[in-house]
Amino acid sequence: MRNEILSLIVESGMDQDCYTEMLDYTIELFETQGLGSDYYGYHNINHELEVTHVALLSANLNNTSKRFAKDDLKYLYAAALFHDFDPQKSVDKPHEENVLKFISSDKKLRKLLDDAKLDIEIIKVLILRTTYPWSGTLRENAERQIKECFKNSPLTKDNQSKQEHFMNLGWYLSVVDRISGYALGNFSKAMEMAKMNAHALAWRPSLIVRSSVAYFEELLNKETEMCRFILESLPTNMRKNFFDTVLAFMNIRQQEISIQANYTYDNLKLVPTIEKIDTRKDPEFMKTLFSIFLELPKPLQFAKDNFEESVKDQNIILNTLRLNDCHGEIVGFAKGGPLENYRLRPEIRDENYGLNNTIFLEPLALKMGYWGLKGGSEMRHMFIMQAHAKKYKYLTSFALRDVIKSRIDKESAEFVTRFDPERWDYYRIKI
């Protein structure tokens with residue numbers, strides 16, 4: 001992606017060294033702040049570079065109409081590179097005020113912008129216009145700050161037409177921000193992005209598809225003009241990627257609604273089942289479980305490398321969720337074993353580690369469409385019963401912060417380690 005952006009920089013007439021330095025500085029900042037490619041959140045360095053790439057690509061391909069001046073491309077480039085850099089990240093969604101504070105105070109960046117002869121007030125305007133959703137209090141706060149930026153810039157002070165021009169440029173960047181990742185890959189990439197977004201924003205899994213469909217519908221229905229302008233400028237394969245993704249999410253949402261309707265009308269029952277060791281050694285059973293396992297967000301895929309061995313291990317507790325009866329289709333499973341079998345995040349200091357009195361429940365795995373129907377809860381309760389039968393004193397696992405809070409009174413749950421921005425925390429209960 002870096003090399004492709006470098007080619008677009010040259011094509012856009014930005015052949016000064018400061019633009020290449022700006023790109024490399026962005027990558028360095030994201031990596032050193034833990035927001036590089038390994039960060040499992042939507043707003044990582046990959047997203048920043050994808051937005052920059054598509055912003056320049058679309059602008060260059062669309063420029064037969066001379067809609068973008070040479071300086072417009074420079075401002076789009078700088079704003080796209082830094083629009084989500086929030087070094088104080090407490091949640092995945094960036095706070096625009098933190099972004100602006102950083103670009104205003106960072107001496108190296110200010111020098112690069114000065115070398116490029118770019119007005120930082122205009123860059124702030126473009127970044128503020130990427131505020132999402134562009135409605136309610138968020139919009140009002142952004143517009144108030146934009147007004148101040150326009151006053152402070154010699155380019156726009158008392159110049160209404162220039163202000164309108166840069167607001168349109170910001171609108172363009174805002175829509176590119178929401179299209180780019182889905183245009184640059186297939187549905188598998190899009191689904192992984194949705195999972196990253198859900199994990200980093202501490203969404204329940206049942207919201208992933210529903211929220212994605214709402215996101216695309218809002219984009220296509222409320223910002224039709226700018227969406228069409230950008231998509232029509234992109235290569236055919238990128239347009240196809242985007243619309244294939246939209247249609248795929250809509251189809252999955254229809255399937256989810258059908259599953260929920262069948263469950264509501266008692267046409268479908270979810271049956272938690274304790275699996276015998278002979279069944280657990282069956283290759284088809286293993287294949288089914290592993291395919292469901294892979295639907296989990298990557299940070300929740302524990303013991304992936306020895307998955308097959310762990311399923312066959314008699315010391316591992318395993319139960320499944322089947323449709324209608326204990327021989328029906330498998331749509332989920334709960335699995336876990338002695339805490340000492342697992343290598344958890346280094347920040348976790350579990351006082352019971354090494355005492356052989358704690359069982360670790362891996363994150364519950366369910367097929368898409370079956371979240372939110374209480375099947376996961378039933379598997380978890382069955383797992384706790386099995387752990388009690390094996391004389392474990394404690395159970396630990398990961399869960400969303402609000403879920404753990406709801407268990408404090410019911411199960412005497414306690415937080416062991418909290419994680420931000422994910423808010424997917426490690427907790428303990430006494431069995």
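Colleague: How do you know that K151 and E148 are about one turn of the helix apart?

Modeller: Both lie in helix α8, residues 136-152, and they are three residues apart. This is a predicted model.

Colleague: What makes K151 and E148 a salt bridge?

Modeller: Their closest N and O atoms are 3.9 Å apart. The cut-off is within 4 Å, so the pair counts. In general, side chains of opposite charge can pair when their charged atoms come close.

Colleague: Why is E148 called partly exposed?

Modeller: Its relative accessible area is 42%. Buried means under 20% and exposed over 50%, so E148 falls in between.

Colleague: Are D71 and K74 buried, or partly exposed?

Modeller: D71 has 46% relative accessibility, so D71 counts as partly exposed. K74 has 11%, which is under 20%, so K74 counts as buried.

Colleague: How do you know that E347 and R345 form a salt bridge?

Modeller: The closest N and O atoms are 3.4 Å apart, and the limit is 4 Å. E347 is partly exposed at 43%. R345 is partly exposed at 32%. Elsewhere, salt bridges with shared partners join D350, E414 and R428 into one network. The structure holds 22 salt bridges.

Colleague: Why are α5 and α6 called roughly perpendicular?

Modeller: Helix α5 (residues 96-105) and helix α6 (residues 107-115) pack at about 75°, with axes 6 Å apart. The range for roughly perpendicular is 65 to 115 degrees, so the pair qualifies.

Colleague: Which residues of α5 and α6 meet?

Modeller: F102, I103, S104 and S105 in α5 meet K107, L109 and R110 in α6. The contact residues divide into three nonpolar, two polar and two charged.

Colleague: How do you know that β2 and β3 pair?

Modeller: Strand β2 (residues 317-323) and β3 share six bridges, in the antiparallel sense. Pairing needs at least two, so they pair. L318 has K335 in β3 as its bridge partner. The two strands form a hairpin with six residues between them, and N324 in the turn has a positive phi of about 75°.

Colleague: What makes β3 and β5 a pair?

Modeller: They have two bridges, running antiparallel. F333 stands opposite A365 in β5.

Colleague: Why is β3 called mostly covered?

Modeller: Nine of its nine residues, 330-338, are buried.

Conventions. Residues are numbered from 1 along each chain as its sequence is written. This is a predicted model: local features need pLDDT of at least 70, side-chain atom pairs count only at pLDDT 80 or more; totals for chains, interfaces and linings use all residues. Side-chain values use heavy atoms; hydrogens and water are left out. Buried means under 20% relative accessible area, exposed over 50%, partly exposed in between (1.4 Å probe, protein chains only). Helices (H or I, at least four residues) and strands (E, at least two) are DSSP runs, numbered from the N terminus. Axes are lines fitted to C-alpha atoms, for helices over the stretch in contact, and angles run from 0 to 180 degrees between N-to-C directions. Angles under 35 degrees count as roughly parallel, over 145 as roughly antiparallel, 65 to 115 as roughly perpendicular and the rest as oblique. Contact means heavy atoms within 4.5 Å. Ala, Val, Leu, Ile, Met, Phe, Trp, Tyr, Cys and Pro count as nonpolar, Asp, Glu, Lys and Arg as charged, and the others, Gly among them, as polar. A salt bridge is a side-chain nitrogen of Lys or Arg within 4 Å of a carboxyl oxygen of Asp or Glu.
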